[in-house]
Amino acid sequence: MDDAPGTKRRNFFRWFAGSWTARPLFSTGTALIVMVILQTLALGFDFPTFGAWLSRWLVNWSNILRNNAGIGIISLGMTFVIISGGIDLAVGSTLVAIGAVVMMLIDTGPKGLLLRIGLTGVPAYAAAIIAGVAFGALLGEITGILVTKGKLPPFIATLGTMKICRSVTQHFMQGYTPQVPKPFLQIASFPVFGQLIMPIIYWFIFAFIFYVISKRTAFGRQVTAVGSNERAARLSGVSVQRVKRLVYTLTGTMVAFSAILQVSRIGSMDYANAGSGSEMDAISAVIVGGTSMAGGRGFILGTVLGALIIGVMNNLLNLMGVPPFLREAFKGVIVIGAVLLQKRESSS
Amino acid sequence: MKLDMRGIFKSFGASGVLKNVDFSLEGGEICALLGENGAGKSTLMNILGGVIPADRGEIYIDGAKADFTQPIDSMRAGIAFIHQELNLINDLPVYENMFVGREINGPFGFLDHDKMISETERIFAMMEMELDPRAMVRDLDPSYKQIVETARAIMMNSSVIIMDEPTSSLTETEIERVFAIVRTLASRGVGIVFISHKLREVMRLCTRYVVLRDGSMVASGSVADVTTDSLARFMVGHDVRTETLQRGRQVGRSVLKAENLSDSKFFRGVNFEVKSGEVLGVTGLLGDGRSELFQSIFGAGGGYAGQVYIDGSPVKVKSTTQALNLGLAYQPRNRKENGILKDMDILENGSISIWPVISKFGFIDRARQGELFDRQVKNLRIKMGGRTDLITSLSGGNQQKVMLSRWISSDPRALILDNPTQGVDVGAKEEIYDIILKLADEGVAVIVLSSEAGEIIRVCDRAIVMYHGRIAGIVSGDRMNEHDIMRLATGAESDREV
C-alpha cells in the first residue's frame with residue numbers, strides 16, 4: 001500500500017460506506033447522532049455558565065424522552081407485528097378505549113366503578129391497571145384471531161377494529177369526565193432524583209424485555225422466521241397461527257401500558273383526538289429503525305433509535321421555531337429519507 | 001452469431017469466483033455448461049447476461065467488442081437469459097406475459113389484445129407447440145412455463161439463449177417437450193447454453209460441453225467423445241460412484257403405516273407401510289400427488305380420510321408441531337420457497353425445528369443449539385464461513401444440507417425427504433445419499449420422494465410408484481428398474497401383484 005496523504009481518509013470512507021450497508025443499526029445510529037448535533041447547535045451556547053447549559057440540555061433531553069415514551073412503548077409491540085409480516089393500525093384507537101376503561105374504574109366521582117364496590121386507594125389502582133392490561137391483551141387477541149382464524153389481511157382487520165374502538169369509546173364517554181385520583185398520577189410523576197423520568201424508565205425497561213424476547217426466546221425467533229418465510233416456518237414445526245396471534249396480543253398489552261401512562265401523566269383523555277395518528281407515529285419509528293415492511297428483518301434497538309430520531313426532530317423543529325403545521329411534513333421527509341438511505345434488497 | 005468471452009475474472013470479496021475463463025459459442029450449438037455448485041457457472045452467465053460486471057476480461061459478439069453494464073444491453077445484443085426461477089407473472093395470461101414491458105398498443109394507447117394473441121400464436125406455431133395464449137400462467141405445468149419463457153426469448157429474436165437448470169423441476173415427459181423445442185431452435189441457428197446437473201440429459205441433448213471447477217475451465221469438447229462418468233469426474237475432480245448402493249439392511253418394526261388414505265383432490269386409497277431401517281422410495285410423474293400425500297400426513301396439507309399409524313398406534317396429525325413431536329419429519333421440495341429463511345443465519349436455519357425442545361422457560365438454550373448444530377455440520381460435512389452468516393451466503397448444495405440438518409436434528413423416527421437432491425451438484429448428491437443410508441442404518445425409516453427414477457433405484461430398498469393420486473405399483477429387487485417404474489408411472493400398466 002502507498003502512504004499517500006489521502007489514504008487514511010479513503011479508508012475512513014470505505015469503512016463508513018461498508019458499515020452503512022452491512023450493519024443496519026449503523027445508519028440509524030448515525031442519523032440519530034447527526035440529529036443530536038443539529039439539536040445541540042439549535043439550542044445554542046448562549047448560557048452564563050457551562051453548568052447552566054448542561055442542565056438546560058439535559059432538561060431538554062428528558063423532555064424529549066418523556067414525550068416519546070408512550071409512542072416508544074407502543075412501537076416495541078409494533079416492531080414484532082411488522083417483523084411477522086403484519087401491521088396494526090388500531091393502536092391509537094385501542095389506546096383511548098383502554099384509557100376510558102381505566103379511568104371509569106378509578107373515577108373518584110359518583111360514577112366510579114371501583115368506588116361503587118367500595119374499592120379505593122392502592123388496591124383500586126392495582127385492579128384498574130390489571131384490568132386495563134387484560135383489556136388491551138384481549139383487544140389484541142381479537143385482532144390476532146381475526147387475522148389467523150378469520151384469515152383477514154392485518155390491514156383490514158385492524159382498520160375495522162380501529163373504527164370500532166374509537167367510535168364506541170366516544171359514544172359511551174359523551175359528557176362523562178372521570179376524575180383521576182391524585183395518587184394515581186404518581187405512576188408517571190413519581191420523581192426520581194428530583195426528575196420526572198418515570199415514563200422513560202418504563203420505556204427502557206420494556207425495550208430491554210422486548211430486546212431479550214426478540215433475540216433469545218424461541219417465540220422471538222419464530223416471529224422472524226414467520227415474517228421471513230411463513231411456509232418454511234410452518235413446515236419446520238412453528239405454530240404460525242399462535243405466533244401471529246401472540247404478536248397482536250403483545251402489542252395490545254403494550255398499548256395498555258401506554259394508555260395507563262398517558263392517564264397518569266395527564267389525568268384526562270380527549271377521546272376524539274388522543275392517540276389519533278399514533279399508529280402512524282409508531283409505524284414510522286419502526287420503519288426509521290430499519291425494520292422491513294416486508295417482514296422478516298427487524299430490530300428492537302432500531303425502533304428505540306427510530307422513536308428517538310423522530311422525537312429529537314420534533315424538538316429541533318420546535319427550537320428552530322418551525323410553524324406547527326409544517327412539522328408533520330418533516331416527519332414525512334424523515335420516514336422517506338430513512339428508508340431511501342437504508343440498505344434494501346434489490347427488487348429484481 | 002458467434003459469441004466469445006475472453007479472460008474473464010470475477011471475485012466477490014476476497015474469494016476469486018472466476019479465474020481467467022474463456023467461453024465461446026456458435027449459432028446452432030447446444031453447449032452444456034457443467035460444474036458443481038459454486039464452480040462459477042451462474043457467475044459467468046450473469047456476466048454474459050449483464051446482471052453483474054466482470055472484474056476483467058472482454059466479451060465479443062461476431063468479433064465486435066460488447067459492453068454489457070445492465071441486463072438490457074445484453075438483451076439488445078440478442079442474448080436471452082432464462083433464470084432458474086422463472087420470471088413469469090402468475091396472474092396474467094400467457095400472451096400478456098409474452099409482452100410484459102413491450103406491450104403492443106392500438107390506437108388511443110389501449111392494449112391491442114388481439115394482435116398480442118395472434119403474435120403469440122404465431123410463435124407457438126413456429127415452435128410446433130399447442131398452448132392457448134389466453135391460459136393463465138398460474139394454471140400451467142412447470143414445463144409449459146419454461147416453454148413460455150423460451151418463446152419469449154424467441155420473440156425477442158434472441159440468437160443466444162441461456163437456460164439455467166431448465167429441467168430441475170420437470171418430469172420426464174415435460175423434459176422431452178422442452179428438449180424438442182430446444183432442438184428445433186438449434187436447427188434454426190440459435191446458440192443454446194444449457195446449465196444442468198443431470199449428465200444423462202446433457203448426453204442426450206447437447207453437442208458440446210464446458211466444465212468449470214473452482215472458477216477455471218477444466219475440460220471442454222464434443223459430447224460425442226465423452227461418457228457421463230468422465231463428465232462427472234471432470235466436475236468433481238475424482239471418480240464418482242454410479243452403481244446401485246448396497247442393500248439388504250436389517251429392517252425392524254413398523255414405524256409409519258397408512259391405511260386407505262384419501263383426500264378430496266390429490267390422492268385416493270393409499271396404503272403403505274415403512275419399517276425402521278428401511279429406505280422407501282415414492283416416485284411418479286407430475287400430478288401423481290406424492291407431495292400432497294406426505295404433506296397431509298405431516299399435518300401441513302389438507303385433511304384426509306383414512307388412518308395413519310405411528311409405531312402401531314393410530315394418530316391424527318393436525319399440525320406440523322404435533323408431527324415433529326410424534327417423531328415425523330418432512331423436508332419439503334423447492335427449498336427456496338418452502339425451506340430457506342432468507343433473513344436468518346445458518347445456525348438458526350439449521351435448528352429452527354428443535355427450538356421448542358431446547359428451550360427452557362421460553363429461552364433458547366444457545367449453547368445446546370450450537371452444540372447440536374456443530375454435530376450436524378460435521379456429520380453432513382457442511383462447508384460454510386461462520387455459522388452466523390446468512391443462509392443465502394451458501395452454495396445450493398450446502399443450503400440443502402442445512403435444510404437436512406434442520407429436520408435430522410429433531411431425531412425423527414420417520415424422515416420424509418421430498419426431492420432431497422434438487423438443484424444439487426454430483427458431489428453433494430452422493431453425500432446426501434450417504435447420509436440417507438447412514439440414517440437408515442441407525443434405524444430411521446426414510447422415505448425418499450423423487451421424480452428421478454435413477455435416484456430411487458440408487459438409494460431405495462423398495463419404491464411406490466404413483467399415478468394420478470393412486471398407487472400404481474410397488475417395486476423392489478429386479479423389478480426396481482427404470483423401465484418398470486416408467487411403465488407404472490405413466491399408467492401404462494397397473495400392477496396387480498401387490
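Here are some notes on this two-chain structure, which is a predicted model.

1. **Where the chains meet.** Start with the place where the two chains touch. On one side, 29 residues of chain B are in contact, and on the other, 24 residues of chain A. The size of an interface is often given as the accessible area lost when the parts come together. For chain B and chain A that comes to about 2,100 Å² buried between them, with 52% of it on carbon and sulfur atoms.

2. **Polar pairs across the interface.** There are 13 residue pairs in polar contact between chain B and chain A, counting pairs with both residues at pLDDT 80 or more. Several pieces of chain B each supply at least two residues to the side that touches chain A: helices H10 (320–325), H11 (335–338), H13 (355–358) and H15 (396–408), plus strand S18 (363–364). Sort that side of chain B by class and you get 14 nonpolar, eight polar and seven charged residues.

3. **The salt bridge between chains.** How many salt bridges cross the interface of chain B and chain A? The rule finds one. The partners are Glu348(B) and Arg221(A), with their closest N and O atoms 2.6 Å apart. Side chains of opposite charge can pair when their charged atoms come close.

4. Have a look at Asp343(B), in the loop of chain B between H11 and helix H12 (346–351). Is Asp343(B) buried or exposed? Its relative accessibility is 15%, so Asp343(B) counts as buried, the cut-off being under 20%. Its side chain makes a polar contact with the side chain of Ser228(A), at 3.0 Å.

5. **A bent helix in chain A.** Now find helix H3 of chain A, residues 50–83. Where does it bend? The bend is at Ala69(A), and the angle is about 50 degrees. Just after H3(A) comes Gly85(A), with a positive phi of about 100 degrees.

6. **A buried serine.** Ser258(A) sits in helix H12 of chain A, residues 240–266. It has 4% relative accessibility, so Ser258(A) counts as buried. What does Ser258(A) contact, leaving aside neighbours within four places in sequence? The list is Gly70(A), Ile74(A) and Leu95(A).

7. **Helix to helix in chain A.** The same helix H12 of chain A also holds Lys244(A). Its side chain meets that of Glu230(A) in a salt bridge, at 3.2 Å from N to O. Lys244(A) is buried, at 18% relative accessible area, whereas Glu230(A) is partly exposed, at 38%.

8. Two residues here have a positive phi without being glycine. For Glu165(B), phi is near 45 degrees, and for Asp411(B) it is about 55 degrees. Glu165(B) is in the loop between strand S7 (160–164) and helix H6 (172–187) of chain B. Asp411(B) is in the loop between H15 and strand S19 (414–418) of chain B.

9. Glu278(B) and Arg462(B) join their side chains in a salt bridge, 2.6 Å from N to O. Glu278(B) is in the loop between strands S12 (270–275) and S13 (279–284), and Arg462(B) is in strand S21 (residues 462–467), so this pair ties together parts of chain B that are 184 residues apart in sequence. Glu278(B) counts as buried, at 8% relative accessibility, and Arg462(B) as partly exposed, at 23%.

10. Another salt bridge in chain B joins Glu430(B) and Arg458(B), with 2.7 Å between the closest N and O atoms. Glu430(B) lies in helix H16 (residues 426–441) and Arg458(B) in helix H17 (residues 453–459), 28 residues apart. Both Glu430(B) and Arg458(B) are buried. Elsewhere, Lys2(B), Asp4(B), Arg6(B) and Glu26(B) are joined into one network by salt bridges that share partners. Over all chains, the count comes to 27 salt bridges by this rule.

Conventions: Residues numbered from 1 in each chain as written. Chains lettered and ligands numbered in written order. Predicted model: local features only at pLDDT ≥ 70, side-chain atom pairs only at ≥ 80, totals over all residues. Heavy atoms only, no water. Contact = heavy atoms within 4.5 Å. Buried area = accessible area lost by both parts, 1.4 Å probe. Salt bridge = Lys/Arg side-chain N within 4 Å of Asp/Glu carboxyl O. Polar contact = N/O pair within 3.5 Å; in protein donor to acceptor, adjacent residues only side chain to side chain. Helix = DSSP H or I, 4+ residues; strand = E, 2+ residues; numbered from the N terminus. Nonpolar A, V, L, I, M, F, W, Y, C, P; charged D, E, K, R; others polar. Bend = angle between axes of the 7 residues up to and from the residue. Buried < 20%, exposed > 50% of the residue type's maximum accessible area, 1.4 Å probe, protein only.
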